[in-house]
Amino acid sequence: HPRGCVRCGHGEAGALVMAAVTSGYIGPADSSVLPIETDLPWPTVDPAKIAEGRATFKTLDFDVLVYTADELLFFVGEMIRELNLFSALDLHEDRFRRFAVAVRSCYQKNPYHNWFHAVDVMQTVFAFLHLSGQVGPGSRFTPLNMCSVLCAALCHDIDHPGVNNIFMINNKSELALLYNDQSVLENHHCARAFFLLQRPELNFVEKLSKTDFAEFRKTMMNCVLATDMARHKEFTDKMTALVGNTDEMMAPENTLLLLQVFLKCADISNVVKPFHIAKKWAVRVTTEFYCQGDRERYYGLDVTPMCDPTKGTRVGSQVGFIDFVALNAFKPFVGLFPGLKCCQDNVVSNKEKWKTYTDEQLLQEYPVPLPDP
């Protein structure tokens, strides 16, 4: 566009579609081979930044976007340590660090589905566990349950290409063919995570018994697969059926379901964060959607409506997401775990605040993030 890019609001965008495709900004459609870093030293971080993070670490006020990628590595390790999981499960701490470094190296530099989103979702699960009273005596979750869901959160979008399942299927990608159009990306994320764990230097769960490892793998896979938005109604219906039915909720056979909804709700939690955090993520997610729209045009595919900036606004997309996705997930989630009422309060408040905003205001406050150099 002669005056700049509708997608990102930058006036110096120039040849944006080709730049997006050739630069890797929105990621390759298939990426079966990625460089994996395992030998980088564990980062040395500023004690003042760590102290700052600890103050909000167990709440929804923790903002991953004010920290560096290295600082977030430190917090990933601290979540496992804080819950005493290294000791309780006899996890190999050095290998866990190598695993976390490797996972980070496998996340692509997308505007939204990147290392920062991974840590944000992991920290949100961590906060949900604390706010819902599921840490310490009386928790219905075992250390193995908590380790599994936190690791699932860290890996849930590993090697995400910056486009959704619809794009992968319509473009007849190799991954869509491999997974028969079923939860294409979610299956890929699971596979990538467990390929990493097969490497001896990364296998931090080596000391788990065969039974415990089987449960760890089953939980991780099922939690990641639950993040497929095509299954959204399935999980909101299951949560709703459990609300008010304490006996059913506490039944052992429903433990996996509850872990799944912890991760699922964490994955869509941007809109329930304090508004100054929610705004940052709104810019990032809509930028990635618009990148997908550019790519769909480039390949001659139908443009997905939410990826077309001529069909709506960034602000409007957030109100719509709250109305049609977030509220019908967080209402039953809070019904199951009343300690998470802050989520419902925040999302209602944020909806009203979005009504006072325009895209121009939003982009003035939070310009579109550029990819890392």
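**Reading loops, helices and cysteines**

Q: Let's begin with a loop. Where does Ser183 lie?

A: Ser183 sits in the loop that links helix H9 (174-178) to helix H10 (184-197). Keep in mind that this is a predicted model.

Q: What is phi of Ser183 near?

A: The general idea comes first: most residues other than glycine have a negative phi. Here, phi of Ser183 is near 40°, a positive value in a residue other than glycine.

Q: Is Ser183 buried or exposed?

A: Ser183 is buried, since its relative accessible area is 16% and the cut-off for buried is under 20%.

Q: Which loop holds Asp90, and what is its phi near?

A: Look between helix H4 (85-88) and helix H5 (93-106) for Asp90. Phi of Asp90 is near 55°, again a positive value in a residue other than glycine. With 41% relative accessibility, Asp90 counts as partly exposed.

Q: How many helices and strands does the protein chain have?

A: You'll find 18 helices and 0 strands in the protein chain. Of its 373 residues, 55% count as buried. Take the contacts with a separation of 6 or more: residues 24 or more positions apart account for 79% of them.

Q: How do I describe the packing of helix H7 and helix H14?

A: Two packed helices are described by the angle between their axes and the distance between the axes. In this model, H7 (residues 143-155) and H14 (residues 255-267) pack at about 35°, and their axes are 10 Å apart. The crossing of H7 past H14 is right-handed.

Q: Which residues in H7 and H14 meet?

A: From H7 come Asn145, Val149, Ala152 and Ala153, and they meet Thr255, Leu259 and Leu263 of H14. That contact divides into 5 nonpolar residues, 2 polar and no charged.

Q: On to cysteines. How many disulfides does the structure hold?

A: A disulfide is a covalent bond between the sulfur atoms of two cysteines. The structure holds 0 of them.

Technical notes. Residues numbered from 1 in each chain as written. Predicted model: local features only at pLDDT ≥ 70, side-chain atom pairs only at ≥ 80, totals over all residues. Heavy atoms only, no water. Disulfide = S-S within 2.5 Å. Axes fitted to C-alpha atoms, helices over the stretch in contact; angles between N-to-C directions. Helix = DSSP H or I, 4+ residues; strand = E, 2+ residues; numbered from the N terminus. Left-handed = near helix turned anticlockwise from the far one by under 90°. Contact = heavy atoms within 4.5 Å. Nonpolar A, V, L, I, M, F, W, Y, C, P; charged D, E, K, R; others polar. Buried < 20%, exposed > 50% of the residue type's maximum accessible area, 1.4 Å probe, protein only.
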